Amino acid sequence: MSSLHDDIAGFAAALPPMRALAGLDLGDKTIGVAVSDRMLSIASPLQTIRRKKFGLDAAALLEILDAREIGGIILGLPRNMDGTEGPRCQSTRAFARNLSRLTDRPIGFWDERLSTVAAERALLEADTSRRRRAEVIDHVAAGVILQGALDRLTVLRRG
């Protein structure tokens, strides 16, 4: 069974060596997915899954994770701006608990405050059309979340 980690150091300790990570931006209607390289240095936005119901969402997600030999999952935790956890955090934690029953991969949480803002800014700077931004914003936000966690993992590894 999977292990859930609020602490990034505990998550790092549970990771298998030389396996990529996936970052998830969980929304009500979509799940943005990003993946890292095996060296855990670069996050790349991958795709957006349209949410249906948990079983179908999890199956689509696990198919991606298996195909890419993903060793761990970082879930964006949508804290309030003051750092407290509201209903969206509870929903994300429930998703993580349910997913942890279906995979033995470690699952970590990463504070995602402002990740969508950062993703939107990057897309605007790249002169992305409004329609294209709407199509890619979720997995670009997942990339921002995953890159934040990867950067922290790099600092931890340097110790």
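This report walks through the sheet, the helices around it and a few individual residues of a predicted model.

## Ground rules

In this predicted model, local features need pLDDT of at least 70 and side-chain atom pairs count only at pLDDT 80 or more, while totals for chains, interfaces and linings use all residues. Residues are numbered from 1 along each chain as its sequence is written, and side-chain values use heavy atoms, with hydrogens and water left out.

Helices (H or I, at least four residues) and strands (E, at least two) are DSSP runs, numbered from the N terminus.

## The sheet

Let's start with the strands. The model has an open sheet of 6 strands with mixed pairing, in the order β1-β6-β5-β2-β3-β4; two strands pair if DSSP finds at least two bridges between them. At the edges sit β1 (4-5) and β4 (43-50), each of which pairs on one side only.

Strand β5 (residues 70-77) pairs with β2 (residues 20-26) in the parallel sense, over 5 bridges. Across this pairing, L21 stands opposite G72, and A20 stands opposite I70. β5 also pairs with β6 in the parallel sense over 5 bridges, and here L75 faces F109 of β6. From β5 the chain crosses through helix α3 (residues 87-100) to β6, a right-handed β-α-β crossover; right-handed means that, with the strands pointing away from the viewer, the path from the first strand over the helix to the second runs clockwise. β5 is mostly covered, with 8 of its 8 residues buried. Buried means under 20% relative accessible area, exposed over 50%, and partly exposed in between (1.4 Å probe, protein chains only).

Helix α5 (residues 130-158) lies across β2, β3, β4, β5 and β6 (107-111), running at about 45° to β3. For these angles, axes are lines fitted to C-alpha atoms, for helices over the stretch in contact, and values run from 0 to 180 degrees between N-to-C directions.

Helix α4 (residues 115-125) has S115, A119 and L123 buried. These residues lie on the same side of α4, because they cover an arc of only 70° around the axis, the arc being that of the directions from the helix axis to the C-beta atoms. An α-helix has 3.6 residues a turn, so residues three or four places apart point the same way. The buried residues of α4 pack against α5.

S91, in helix α3, is partly exposed at 42% relative accessibility.

## Positive phi

Most residues other than glycine have a negative phi. In M18, phi is positive, near 55°; M18 is in the loop between α1 (8-14) and β2. L40 has a positive phi near 60°, is found in the loop between β3 and β4, and is buried with a relative accessible area of 11%. D127, which follows α4, has a positive phi near 60°.

Note on methods: Contact = heavy atoms within 4.5 Å.
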